[in-house]
There are 2 protein chains.
Amino acid sequence: MLSNLFENGTESARVAWSQLPHSDEGELDGAGLLSTTTSDRNGVESLDYEVIENYAYREEQAQRGKLFVIFNAGVKWFFALLIGIGTGLAAVFINISVENFAGWKFALIFNIIQKSYLAGCLIYILINLALVFSSVYIITQFAPAAAGSGIPEIKGYLNGVDVHGILLFRTLIGKIFGSIGSVGGGLALGKEGLPIEGGSTKYHLSSRWLQGFKSDRDRRDLVTCGCAAGVAAAFRAPVGGVLFALEEVTSWWRSQLMWRVFFTSAIVAVVVRMAMGWCKSENCGHFGSGGFIIWDISDGQEDYSFEELLPMALIGVIGGLLGALFNQLTTYVTRWRRNYLHKKGNRVKIYEACLISVLTSVISFGLPLLRNCTPCPDSDPGFEIECPRAPGVDGNYVNFYCSKDKEYNDLATIFFNTQDDAIRNLFSAKTIHEFSARSLLTFLVMFYTLAVVTFGTAVPAGQFVPGIMIGSTYGRLVGIFTVNHYKKLNIEEGTYALLGAASFLGGSMRMTVSLCVIMVEITNNLKFLPLIMLVLLISKAVGDVFNEGLYDEQARLKGIPLLESRPKYEMRKRTAREACGNQKVLSLPRVVKVADVVSILRSNEHNGFPVIDHTRNGERLVIGLMLRSHLLVLLHSKIDFQHSPIPCHSTGGSRAIRPNFSEFAKPVSSKGISIDDIYLSSDDLEMYIDLAPFLNPSPYVVPEDMSLTKVYNLFRQLGLRHLFVVPRASRVMGVITRKDLLIEEETENSATMELQSTSVRGQRHERRRSAAENGGDLERPLLNGLLVQHQR
Amino acid sequence: MLSNLFENGTESARVAWSQLPHSDEGELDGAGLLSTTTSDRNGVESLDYEVIENYAYREEQAQRGKLFVIFNAGVKWFFALLIGIGTGLAAVFINISVENFAGWKFALIFNIIQKSYLAGCLIYILINLALVFSSVYIITQFAPAAAGSGIPEIKGYLNGVDVHGILLFRTLIGKIFGSIGSVGGGLALGKEGLPIEGGSTKYHLSSRWLQGFKSDRDRRDLVTCGCAAGVAAAFRAPVGGVLFALEEVTSWWRSQLMWRVFFTSAIVAVVVRMAMGWCKSENCGHFGSGGFIIWDISDGQEDYSFEELLPMALIGVIGGLLGALFNQLTTYVTRWRRNYLHKKGNRVKIYEACLISVLTSVISFGLPLLRNCTPCPDSDPGFEIECPRAPGVDGNYVNFYCSKDKEYNDLATIFFNTQDDAIRNLFSAKTIHEFSARSLLTFLVMFYTLAVVTFGTAVPAGQFVPGIMIGSTYGRLVGIFTVNHYKKLNIEEGTYALLGAASFLGGSMRMTVSLCVIMVEITNNLKFLPLIMLVLLISKAVGDVFNEGLYDEQARLKGIPLLESRPKYEMRKRTAREACGNQKVLSLPRVVKVADVVSILRSNEHNGFPVIDHTRNGERLVIGLMLRSHLLVLLHSKIDFQHSPIPCHSTGGSRAIRPNFSEFAKPVSSKGISIDDIYLSSDDLEMYIDLAPFLNPSPYVVPEDMSLTKVYNLFRQLGLRHLFVVPRASRVMGVITRKDLLIEEETENSATMELQSTSVRGQRHERRRSAAENGGDLERPLLNGLLVQHQR
């Protein structure tokens, strides 16, 4: 009978499932719905890496052989390649579009204001309004999940929380087209959020093509690659991308993954570089002059002296304060929006975005009008920057509402301009005294306010570029004072602007290493690395005094339950048992009646249930964890229903049809089937299911009185979804140390794999033997043993 | 009686120890030495993060309050600062010394060979011999652990293996002075291994000053900081340093640590930069021209075309092949040295190093003599490099044994030179056709052979610089062919040399991200980042086909049991129970007779023992893990001995003297006390010890039939040293999910901390109450309960 089980091809999958032993030779108990469990109480869906991993492994096993493993790995690398290429191209597309829209817009307005400033203002407002309206319309009607930066959601996903909708293809499309409108429309937000999420989302397409990524773990790996690729593409910062992914994902980082993420980033870098090369030959319109977020400051300050560290530290402190304030204000605004404004429906969201667009346009056009123009600096021979700049080109020294010829409007140079150009102007070297302190202060206050107000509108938005704008403004302000105070020639205000940008991002987002590398890669200058590091350290430290990072705050507002890297202090005083509360544990017997399953599933929202079995001696044993989603698949397919309450293997190979394990795979970003969607006849309800082949036979367990700190570490480090709290063990069967885990590669590796069915039996015999040697003292709950038992 | 326990100040520490409940209200059993355990069977000492963490926590708790925690954190940051400054200064010192020795040496020889080449050769050989002899003498007589690169040991330490001697102060001193000799003496090895380990070692001094770092975890954090600081200092690559530490430590990386490591690296960067600034004003002799490992190639190739990717991929493949071959050859040589040569004592080691020194000197002096000189290239106006270079300065185009005036010796330019200068020459741009293919090939073969032979001699050595030498040689070789083939003007051979260097390091060391960033930071050029990434990917992939990375191979040879990041494939088929083998588990009862402890400790080499207790019902319970080292401290101090086999708390506060928990701290890099060192009288042997206050009450456990893959992940991710294999649980008391771990900061946080003793009682009452509510169904093994029991 046993050999029967191995003859059938599909049945071997089932055998693989049960290859890891999970139950002792024992009789079964039809009752047992008495115990209780608790899980995922508020219905937030978590990713389940461990359980699914187990599942994926067995399916893999079922396919027999290392060839399949190699193929699978190849597929993963291929998708990493695809993600890299796709993200690179998407980023290029977005950038070309935005630059062309904005470039054309400003060229048009500059032409019109030669004749009439009023007409120019009106047309400026209208163009911006149209662009923003198109963006917010796309988002509200078509892809609501594409609003915002998407980073809190990605962060949540990588932390283990499945936020519905973020990985849909329509979200990606919404991101791309929505952001062209919102950034082109001149709102105080950046275009870089989209490729970040876009890269992460892209895999969804792929997974349609090839059903290769059924497990949460593979998906998470792909999202990690996409995240890195997105940053790499947005900033042309491949190493920064890898580090960004790393800083957000440290809890389940593996070195193999680093390797693949690195590859994806390299591909992105090559693709973007090739596209840029193609654009150099004037194929891309306005793109190429501005283009990617990259502000080369290689002609900046050559050296810095010791006394400059003081103003630089000051920049760090300001960054920490303003960044923390930004996080706090955006939290209030977002909460208010969520609780009052956005409850009134999509129409309000559209009105809101349009109102902000008009406001932004009026301020950015009107304020420079009120500002007096400044005479151009005396042009010395080595001075190569044109003043005022010729109409239609980008650069410093904008002539805007200036009466005389040799004058420029310093406020318009930063305000009435694309953000990329404004930042380039702020970072620019050899332009000391271009900006007056008053203009910078005006711009800082206005833009900061606009950034806070704009944050959270229903358009795709990135926070990097506005952050750099704000930071470089006050950085340049400090630079002005430093230049005036120290009276040295080699101090460049642009360098201080760069440090200011780093400090604001550090104070708001609180990333360190990745931000540092991104800043270096953006500015293409390694000289300031130590300074950027120090400024980031100070601003993060100052910011941490007040609140959490921007994305953490936003994630909390959105109800994404992120597990921080450090357990809370008070967890030390609590035990695992206390953490579970007084909830009842609902557990299932091994062979369970369908009606009981239905009633249990209806009665609660838990996502995992312990499965209990009894040994021959009547001893109770926890034999595994059953997922709600898998139970639903079983109920839906009805294939595994059986009439008798006896474990299925005893009924022989007659009903050995398990068509495809892939139906157990979790659907991408959707709720999956619900218990209410499943129709079961009264006959069905009287049937039984043997859960043994479908459960995760060895979930992680902790003793009831383990400190919650340790539990937390276990849970987070391994990316678990469920953790059983069990009584203290009565005895120790062995102690595993480092040495026990250092097994050498066995040479008969492939042989054992090929002869898998044989080895299962062989293994069992070996176990038997060793059990006999130990005087039968060792109980080994073993499903294979169970099979034998029932065959007798 | 209970309140008594809290009145005594020192006793509160003990209470803190036992605050986490570990035993049920139950009577005790004097017997129970029957069960068996197994651990660390071959005596390799592991680090024990979890257990010590637990210990450290309790001591911390005992100090009462968050102030102490803040102070502790401050101390850690202060030490990070010290490590940064110290490492920076040490690196500067080493570099100044090496550069001055080597610079003086070459200046002298060039003077002598104006008169006689023979005399020059002899003096060259003698100077090198003297330097190498001083180095090897220092190492063999004074600091044997300072030989080699130290990276396998550091890697092992960070992986959790305590290699004796690596963290001693004498090792650091030996490293510093030994390496000055070995590198100054012209051996085919680099000077960068030392600050890497030096940084890691430095904390030892610190821990002498302040007994702040008693736990393995704090030490590991400091070593991580030191490791990053070392790389940052050696290569002036702060971000590369952080990533290097990260790639080696990913298994227990925490984001707080990243933050501190980052800080240390930033400090190093600032210190090194300041020292370099000081040296610019001619304070440091020859240093300043060469100096740190930094080869600025910012004047390199501006762009690359698509068809250049082919020769670049070829470089990657060559790098993978030569790197893997290097690893293989060094493995053979090291094994042969270990098994035959170095067994014969220190004298042989000295002879060996001297022989290699003479060999190296003869080859590097003699081979260029055999090579014909090349006429200098026609000097066009834009051509600024002098040919031949003036005597006494560094640079290209060395005149060595050339008959005519306008000639140079291309082999001498790379061979008869310091390594830094040679690499600078190989990387140099605008020097197309400086080197002939034949010279490069000769140099490649000879230097490769020398590097293999030199690897493993008893001198401090780094592998980065030789690796860069080898790689840039064949890179330049490929560059020559590319230039000839494509006939384009903008291709620079120096760029190909850079890619070659990256490829060889990638093929040998198999690091990706950190190596990439280090290469970029070394060459101060971001343009080639995507190319370096691609070359690294290819060379690592090719190398991985053949063997493991250099440091992994070396660690294996040295018997350092590294746990790889990925569990072995065949672990999937094995269970936890099988991994333990058939070894007997030796366990201790809660109150154990001293004689029994001694006999158990003598009978085996295990480092951890389960402690078993019995509840009132006679039920056996595992109450924790006792470390051998802690048992030895108890036996040594004899303070906790008691006459009766009844748990100590029942005897009242009479013997409440536990002077200092710090004696339980592990000594830095020494074996600690052994059981044979402890004298116990026959009276002592009849006494008892209550282990309850000293054990780790909640070690991690796994069910016996969990797959070894899962066990491995748990063990490695949490950095465990012991893991109990226990029978399957009979029931599930609760299921912990993400939601259960998201507790909000309690506002009464500080209050509970201040009233710790009260809260212990409060907590207990609460537990009582909830137990009553649950119908007494829940057993809670609780040492506090036990106390009450015995007071009755």
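User: Is A:Arg510 buried or exposed, and what is its relative accessible area?

Analyst: This is a predicted model in which local features need pLDDT of at least 70 and side-chain atom pairs count only at pLDDT 80 or more, while totals for chains, interfaces and linings use all residues. Residues are numbered from 1 along each chain as its sequence is written, chains are lettered from A and ligands numbered from 1 in the order in which they are written, and side-chain values use heavy atoms, leaving out hydrogens and water. Buried means under 20% relative accessible area, exposed over 50%, and partly exposed in between (1.4 Å probe, protein chains only). A:Arg510 is therefore buried, its relative accessible area being 8%.

User: Which residue forms a salt bridge with A:Arg510, and how many residues apart in sequence are the parts that the pair ties together?

Analyst: A salt bridge is a side-chain nitrogen of Lys or Arg within 4 Å of a carboxyl oxygen of Asp or Glu. The partner of A:Arg510 is A:Asp544, at 3.2 Å from N to O. A:Arg510 lies in the loop between α19 and α20 (513-523) of chain A and A:Asp544 in helix α21 (residues 529-546) of chain A, so the parts tied together are separated in sequence by 34 residues.

User: Which residues are joined with A:Arg510 into one network?

Analyst: The structure holds 24 salt bridges over all chains. Salt bridges that share partners join A:Arg510 into one network with A:Lys540 and A:Asp544.

User: Which residue in β5(B) is the bridge partner of B:Leu588?

Analyst: Helices (H or I, at least four residues) and strands (E, at least two) are DSSP runs, numbered from the N terminus, and two strands pair if DSSP finds at least two bridges between them. An open sheet of three strands in chain B has the order β3-β5-β6, with mixed pairing. β3(B) pairs with strand β5 (residues 608-614) of chain B in the parallel sense over two bridges. In β5(B), the bridge partner of B:Leu588 is B:Val611.
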